[in-house]
Amino acid sequence: MTLSELLVIILVYKQTKMNKTVTMQTFKNGFIHFLSRTIGAGLLLWQFAAPAQAALEIEISGGSAIQIPIAILPMAESGAASSGSRLHEIISNDLRGSGMFRIINTSGLPALPNSAAQIKYTDWTALKAQGLSLGEVQQVGGNLKVSVQVMDVLRQTALLQLTYTVSPSQYRHVAHLIADQIYEKFTGQPGAFATRIAYVTKVGKRFTLQIADYDGFNAQTLVSSNEPIISPAWSPDGSKMAYVSFEKKKPIVFVQSLYTGERKMVANFKGNNSAPAWAPDGSKLAVVLTYGANSQIYTISADGSNLQQVTKSSAIDTEPAFSPDGQSIYFSSDRGGRPQIYKVSASGGSPSRVTFEGSYNVSPRFSPDGKYLTYIRNDGGAFKVAVQDLGTGDVKVLSTGSQDESPSFAPNARTIMYATRVGGKGTLATVTVDGLVRQRLSEAGGDIREPAWGPAQAAPK
Amino acid sequence: MNKSIWTVAALALVLTACKSTPMNPAKVEDSSVTRPVAKSQSNTGADSSASTDKINIKTVDVDTSKDELSAAELAKRQVFFDYDSDAIREEYKGLVANHAKYLAAHPQTKVVLQGNTDERGTHEYNLALGQRRSVAVKNALNVLGVSDSQIETVSYGEERSKQNCADDGCFQQDRRVDIVYAGQ
């Protein structure tokens, strides 16, 4: 495949971040969804339905050589939710942004079907559509009932029939869930649209730890502080966040519940406390402590008890990451002179070296399926995201920036999110493991860094 | 402790002069606060006006009987490093020795050594590099007789670095250890 074969899609959504004061531990919606401005005043319900604004600007480039053509039709609506549904737009953006789909433009077509029975398949085969999604949104009591059918245009059969009844606040979440189902049906791999990310923003001298949908919508502030916040790490069940806060003039590891706001100092020992990484079962964390010497790796229970030292060296050992089976901890160390990635049994022992190409490799993170390791390589003075196939040992440098850092995998292991700098400003970017599809997410207001892609979210019951 | 509050205020003002930012020479050269610290309960008008700006001053028990260092010597609190290095440069050895002498003579006084790096590299790895610098200063203090119990080494890594530096003169200012006295 050559570059000339790649389609290039550039989408830019620009929104303005609303100013809003947030305080420590508030867990409120900080933004108004831009959709609420485009939907119009008649749809008060859906303004509440989508209470977050896209704080991030999304730019997509590249694409898979083979893209699946699909039509995502606007949803029919009934009840109070009588117009302005943008579900199909959210679904379309998800699929288009994956680089795996080409969304067929239906805006010029005279009459669109409202049900499977109304579909004239010859119209859609003429447009070369392989898939066709249509559906309905009804207001049922205080909830939205979303019904979607996805048709195989060639076989004229239903591939998917989905129904979700959710509170209006889960409007975007439902769209992402539908997109995940469509993605999996056509590509054979799970999607990662109904997921969340965490990241740190710095605006002026104010640091905030935020979580948002993977596309930057529904941003909420977990912590706001005048001192730095780094290294957010999702608990495996997505209910808690570990992070490092300098609010007491030194790095201390906190664990905070997303839903109750309960906040606990898990590691506050003499010296530094940093680099939290959860064990896959969520029972403990790897952390980096210093006491009076260099950074070393320890494990500690999630409640702050049962501290155990894992590495014992006079070198720097930091940036631990559990392997998905929980048996090993991978980490950065300069024990061999230059920083490289090593692995050690989670219970301690003698480490062995993992990276051999390049003179500087740090920040290891696993793909959830355990097949890949992503890390940062210093390549002639430029810090870039690399991915190593742990089966074959093949290494590929994926990113194009010069100060890229903090890579983490999407739950479906297809995409890596990382921090980069564009025009002197910190932004987030994603790249697929094959390097073909790139997205950038930047915030209008300030610097954004330290992204961490959270686990898949459960479907609403 | 209250008896020595004004003395301490004078000391604290000097010490605060370069807490985590480049020090303010004007304060350091203020004659009312650059005298060698003396255990005096006298309260001068100059100190009084200064103290009203510093409501968070904490009392430090200072025994000045053996004190031979001027406050100006102790006011220098920043040790700068070469790129990718934790070696204390020749020109900072005197500075470190001054603090060692003071701390050895005042075993109740505590310092935090805050390591810093420039912004190049990852946040956590830079945290570890900054720590290595703070440990280098600690080791130098230890050799000169300062007890471990008086020292905490921490790192800010790149978190206080200038951003978008264009040359090494800019990066250089971030590669340092700040010596911060307890209560400052």
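Visitor: Is Gln156(A) buried, exposed or partly exposed, and why?
Guide: This is a predicted model. Gln156(A) is partly exposed, because 13 other C-beta atoms lie within 10 Å, and a buried residue needs 20 or more.

Visitor: Where does Gln156(A) lie?
Guide: In chain A, in the loop between β6 (143-152) and β7 (157-166). Gln156(A) is not a glycine, yet its phi is positive, about 55°.

Visitor: What about Asn218(A), buried or exposed?
Guide: Asn218(A) is buried, because it has 24 other C-beta atoms within 10 Å. Its phi is also positive, near 55°, and Asn218(A) sits in the loop between β9 (206-213) and β10 (220-225) of chain A.

Visitor: Switching to chain B. How many residues does α5 have, and what does it reach end to end?
Guide: Helix α5 (residues 90-105) of chain B has 16 residues and reaches 24 Å from first C-alpha to last, close to the expected 22 Å.

Visitor: Which residues of α5(B) are buried?
Guide: Val96(B), His99(B), Lys101(B), Tyr102(B) and Leu103(B). They pack against several elements of chain B, including α4 (71-75), β2 (111-116) and α6 (123-143).

Visitor: And the contact between the chains, how many residues from each?
Guide: Chain B gives 19 residues and chain A gives 29. On the side of chain B that touches chain A, α6(B) has the largest share, nine residues.

Visitor: What classes are on that side of chain B?
Guide: Six nonpolar, seven polar and six charged residues.

Key:
Residues are numbered from 1 along each chain as its sequence is written. Chains are lettered from A and ligands numbered from 1 in the order in which they are written. This is a predicted model: local features need pLDDT of at least 70, side-chain atom pairs count only at pLDDT 80 or more; totals for chains, interfaces and linings use all residues. Helices (H or I, at least four residues) and strands (E, at least two) are DSSP runs, numbered from the N terminus. A residue is buried if 20 or more other C-beta atoms lie within 10 Å of its own, exposed if 12 or fewer, and partly exposed in between; C-beta atoms are placed from the backbone. The expected span of a helix is 1.5 Å times one less than its number of residues. Two residues are in contact if their C-beta atoms, placed from the backbone, lie within 7 Å. Ala, Val, Leu, Ile, Met, Phe, Trp, Tyr, Cys and Pro count as nonpolar, Asp, Glu, Lys and Arg as charged, and the others, Gly among them, as polar.
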